[in-house]
Amino acid sequence: MLTAYRDNESQTGPWLVWLHGLLGSADEWSPIVELCPSFPSLRVDLPGHGQSNSVSCQSFSNFDEQLAQLLHHHNINQYYLIGYSLGARLAMHTACYYQPDGLLGLVIEGGNVGLNNPSERSARYINDHYWAQRFRLEPIEIVLNDWYQQPVFADLTKDQRQQLIALRRENNPQSVADMLENTSLSKQPFLVERLYQLTMPFRYFCGEQDQKFRSVSQQYTLPITLINNAGHNAHRENPHGYATALHHFLSLCG
């Protein structure tokens with residue numbers, strides 16, 4: 001079973017369930033959770049990450065089942081799902097395909113809604129396989145240094161890049177590689193039409209400097225909230241701004 005951490009559990013009401021990105025862990029949500037003291041929270045280590053690094057995940061549907069099992073284990077019946085990057089893509093799939101009864105709302109941060117073009121899917125499969133093989137075969141620090149040179153991380157300063165490399169090098173590269181391939185964007189359904197059909201409250205958070213995902217949200221007219229002074233990893237770069245936006249969303253959910 002996935003490992004997860006309970007915070008503010010003396011609080012009553014719906015839970016906040018947090019899904020991190022590739023190479024991250026449940027710990028990265030701690031600053032935001034501390035800014036949301038009135039909500040019970042469950043921070044999840046995704047398969048292949050943190051204390052879940054021995055847990056494998058074969059597909060998006062497999063993750064849906066793992067998350068349902070985890071929530072049942074923790075007796076969580078009503079909750080909001082909050083995901084970043086890979087965690088955002090997993091959260092969207094859960095909301096759109098698994099459609100759990102207890103899911104009250106969805107917050108997505110920098111999550112790709114999928115590829116609707118076969119040639120783009122093919123190119124993405126090749127790209128993700130390339131990175132997975134590098135994680136398997138090369139020293140992780142070298143791979144991470146190149147990973148954080150990708151265009152989506154262009155807003156990072158040199159110091160921010162080095163901090164992330166220092167943090168992420170604790171990962172098991174074999175586990176990361178497996179998760180990268182098994183939940184590749186090339187294998188993710190194109191989710192836009194199903195997102196439009198969601199009956200629960202849904203919000204797309206995006207750092208104001210994250211040009212790639214700002215354009216995604218605009219292209220598909222998703223309900224966007226911009227986080228000031230932040231790029232792709234908005235919750236890390238501006239936790240107070242992120243928490244303020246999250247509180248506003250939750251207040252509108254009633």
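A residue is called exposed when its relative accessible area is over 50%, and buried when that area is under 20%. With those two words in hand, let us walk through this model, which is a predicted one.

The buried residues of H11 are Tyr242, Ala243, Ala245, Leu246, Phe249 and Leu250. Because these buried residues fall within an arc of 165° around the axis, they line one face of H11. Turn to the other side of H11 and you will find His240, Thr244 and Leu252, which are exposed. Just after the helix comes Gly254, with a positive phi of about 80°.

Next, find the pair formed by helix H5 (residues 140-147) and helix H6 (residues 158-168). Their axes come within 10 Å and cross at roughly 145°, and the crossing is right-handed. On the H5 side, the residues that meet H6 are Ile140, Glu141, Leu144 and Asn145; their partners in H6 are Gln162, Ile165 and Arg168. Sorted by class, this contact has three nonpolar, two polar and two charged residues.

Stay with H6 for a moment. Its buried residues are Arg161, Leu164, Ile165 and Arg168. Seen down the axis of H6, they fall within an arc of 100°, so they line one face of the helix. What covers these buried residues? The cover includes H5 and helix H10 (234-237).

Asp64 is found in helix H2, residues 60-73. Asp64 counts as buried because its relative accessibility is 3%, and the cut-off for buried is under 20%. Leaving out residues up to four places away in sequence, Asp64 touches Leu90, His93, Thr94 and Tyr98. The C-alpha atoms of Asp64 and Pro100 are separated by 9.4 Å, while the two residues lie 36 residues apart along the chain.

Which residues is Leu195 in contact with, leaving aside its neighbours within four places in sequence? They are Met92, Cys96, Leu106, Val113, Phe202 and Leu222. One of these, Val113, is 82 residues from Leu195 along the chain, yet their C-alpha atoms are separated by 8.8 Å.

Finally, a look at the backbone in two loops. Most residues other than glycine have a negative phi. Ser85, however, has a phi near 55°, a positive value in a residue other than glycine. You can find Ser85 in the loop between strand E4 (79-84) and helix H3 (86-98). Asn229 likewise has a positive phi, near 55°, and is found in the loop between strand E7 (224-227) and H10. Is Asn229 buried or exposed? Its relative accessible area is 56%, so Asn229 is exposed.

Definitions and conventions:
Residues numbered from 1 in each chain as written. Predicted model: local features only at pLDDT ≥ 70, side-chain atom pairs only at ≥ 80, totals over all residues. Heavy atoms only, no water. Buried < 20%, exposed > 50% of the residue type's maximum accessible area, 1.4 Å probe, protein only. Helix = DSSP H or I, 4+ residues; strand = E, 2+ residues; numbered from the N terminus. Arc of directions from axis to C-beta. Axes fitted to C-alpha atoms, helices over the stretch in contact; angles between N-to-C directions. Left-handed = near helix turned anticlockwise from the far one by under 90°. Contact = heavy atoms within 4.5 Å. Nonpolar A, V, L, I, M, F, W, Y, C, P; charged D, E, K, R; others polar.
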